[in-house]
Amino acid sequence: MSLTPKQGQDYLEKHGIPQLIEGILVGLLHSRPDDPLEFIQKCVRTAQDKLDRKNINWDSFIHQPIHLPPIQPSISSSTKKVFKTEISEQRKPHSRDSSPHRGNAPVRLPSIQKQDSDASPSSKKKSCKTFKPSTINFTEAMENKKIVFVVGGPGSGKGTQCERIVKKYGFTHFSSGDLLRAEVASGSEKGAELKAIMERGELVPLSIVLSLMKYNMEKHKDSKGFLIDGYPREVQQGIEFEKDVAPCTFVLWVDASQETMTNRLLKRAETSGRADDNEETIKLRLKTFVEATEPVIEYYKKHNKIRRVNSEQDVDTVFGEVQAIFDQYVL
Ligand SMILES: Nc1nc2c(ncn2[C@@H]2O[C@H](COP(=O)(O)OP(=O)(O)OP(=O)(O)O)[C@@H](O)[C@H]2O)c(=O)[nH]1
Ligand SMILES: O=c1ccn([C@@H]2O[C@H](COP(=O)(O)OP(=O)(O)O)[C@@H](O)[C@H]2O)c(=O)[nH]1
């Protein structure tokens with residue numbers, strides 16, 4: 001079968017291949033890993049996770065020289081207090097609670113960085129040092145930006161809806177999971193530590209995600225709004241973000257039952273290539289969601305910022321609900 005140059009070009013562009021190849025080459029030359037094929041494989045897996053390849057850019061696989069804070073499992077007493085209160089409220093039975101892990105299981109608190117959880121001026125200084133903002137006043141640059149957090153369990157459909165939101169409303173989209181996977185794909189030492197945490201279905205220290213988020217937001221500082229997908233995963237993460245960046249406009253909760261999420265992830269596992277899309281890690285991710293992220297929903301409910309969509313329906317119907325919410329804020 002003959003192929004015209006135009007048909008060839010259309011085919012490649014339709015599948016986002018030119019920017020993918022460009023991204024891989026730039027990332028490869030930037031990181032120069034010992035095992036280039038493994039690096040390429042990781043990039044391709046990261047790309048497979050993105051339903052819209054157009055989200056891949058020339059710099060998607062660069063191991064950015066951001067100075068991520070050390071991974072260190074410590075927790076401040078103030079953070080413990082927030083979690084204890086929130087979790088004990090969550091332990092009241094409610095309709096979505098079908099987790100076999102809840103009951104009397106010990107509450108596993110996520111690892112977080114003491115330095116970032118304290119509100120003291122000295123710790124604040126440390127967190128700024130970590131992020132190393134460039135020449136701009138970051139907080140000022142973020143003023144009046146629309147910032148929407150998107151929360152929901154693993155496989156609830158956050159990424160699917162975000163893709164559509166970006167198309168319709170032109171927000172800049174960051175998936176915290178994707179940012180972490182890119183760090184892992186970079187082959188850095190830090191990436192290897194993150195990989196282990198993610199494969200256990202646990203949460204990486206909040207200061208690391210916050211650094212990655214701020215670094216990337218600064219790169220898109222002229223965007224009219226940000227869609228922060230899969231974030232915050234724990235109450236303190238939201239508090240730190242709003243303190244360091246800006247208050248969120250609202251929180252979109254993509255709500256699906258644990259059974260639906262599990263079935264979707266198992267289906268996605270057939271093609272996603274994601275190391276954490278396996279039955280055992282899915283269970284752990286759901287457990288982490290119930291323990292750490294459901295309290296986030298309760299926290300923002302109290303602040304009247306939760307906007308829920310029922311993600312048990314088909315994608316178009318869910319997006320109909322999403323649009324009804326977004327149209328009130330962004331026109
Ligand atoms: N029926 C149905 N399937 C959906 C819907 N949204 C997503 N899916 C499917 O469910 C799977 C998971 O969707 P994602 O958008 O990747 O979910 P996510 O919440 O971003 O998942 P993580 O990346 O693990 O956080 C995908 O294979 C989707 O095709 C929906 O509204 N209805
Ligand atoms: O703010 C975040 C976001 C993600 N993760 C880690 O990254 C994994 C994948 O996150 P993603 O949002 O891609 O998928 P989900 O867990 O929602 O299925 C999680 O299990 C966590 O280990 C994290 O620790 N903090």
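**Figure 1. Valine 235 sits in helix H12.** In this predicted model, helices are DSSP runs of H or I with at least four residues, strands are runs of E with at least two, and both are numbered from the N terminus.

Residues are numbered from 1 along each chain as its sequence is written, while chains are lettered from A and ligands numbered from 1 in the order in which they are written. As the model is a prediction, local features need pLDDT of at least 70, side-chain atom pairs count only at pLDDT 80 or more, and totals for chains, interfaces and linings use all residues; side-chain values use heavy atoms, with hydrogens and water left out.

**Figure 2. A cis peptide bond leads from tyrosine 231 to proline 232.** Its omega is near -5°. Proline 232 belongs to the loop that runs between strand E3 (225–229) and helix H12 (235–244). For background, most peptide bonds are trans, and most residues other than glycine have a negative phi.

Figure 3. You'll find asparagine 144 in the loop between helix H7 (138–142) and strand E1 (146–151). Asparagine 144 counts as exposed because its relative accessibility is 75%.

Figure 4. Leaving aside residues up to four places away in sequence, isoleucine 147 touches Met217, Phe226, Ile228, Phe241, Val245, Ala246, Pro247, Cys248, Thr249 and Phe250 (contact means heavy atoms within 4.5 Å).

**Figure 5. Ligand 1 has 16 residues around it.** A residue is near a molecule or strand if one of its heavy atoms lies within 4 Å of it. Lys158, Gly159, Thr160, Arg268 and Gln313 come nearest to ligand 1. The next pairs are polar contacts, meaning N or O atoms within 3.5 Å (within protein, one must be able to donate a hydrogen and the other to accept it, and residues adjacent in sequence count only if both atoms are side-chain atoms). An N or O atom in the side chain of threonine 160 is 2.5 Å from an oxygen atom of ligand 1. For a polar side-chain atom of arginine 268, the distance to a ligand 1 oxygen is 2.7 Å, and for a polar backbone atom of glycine 157 it is 3.0 Å. On its own, ligand 1 exposes 650 Å², and the protein buries 76% of that (areas come from the Shrake-Rupley method with a 1.4 Å probe; for residues, only the protein chains shown count as cover). Helix H8 (158–169), helix H13 (258–272) and helix H15 (315–329) each give two or more residues to the shell, and H8 has the largest share with three.

**Figure 6. Ligand 2 has 18 residues around it.** Arg181, Glu202, Val204, Arg233 and Arg285 come nearest. An oxygen atom of ligand 2 is 2.7 Å from a polar backbone atom of valine 204. Polar side-chain atoms also approach ligand 2 oxygens, at 2.8 Å from arginine 181 and 3.0 Å from arginine 274. Taken alone, ligand 2 exposes 510 Å², of which the protein buries 96%. Helix H9 (residues 176–185) supplies the largest share of the shell, four residues.

Methods. Buried means under 20% relative accessible area, exposed over 50%, partly exposed in between (1.4 Å probe, protein chains only).
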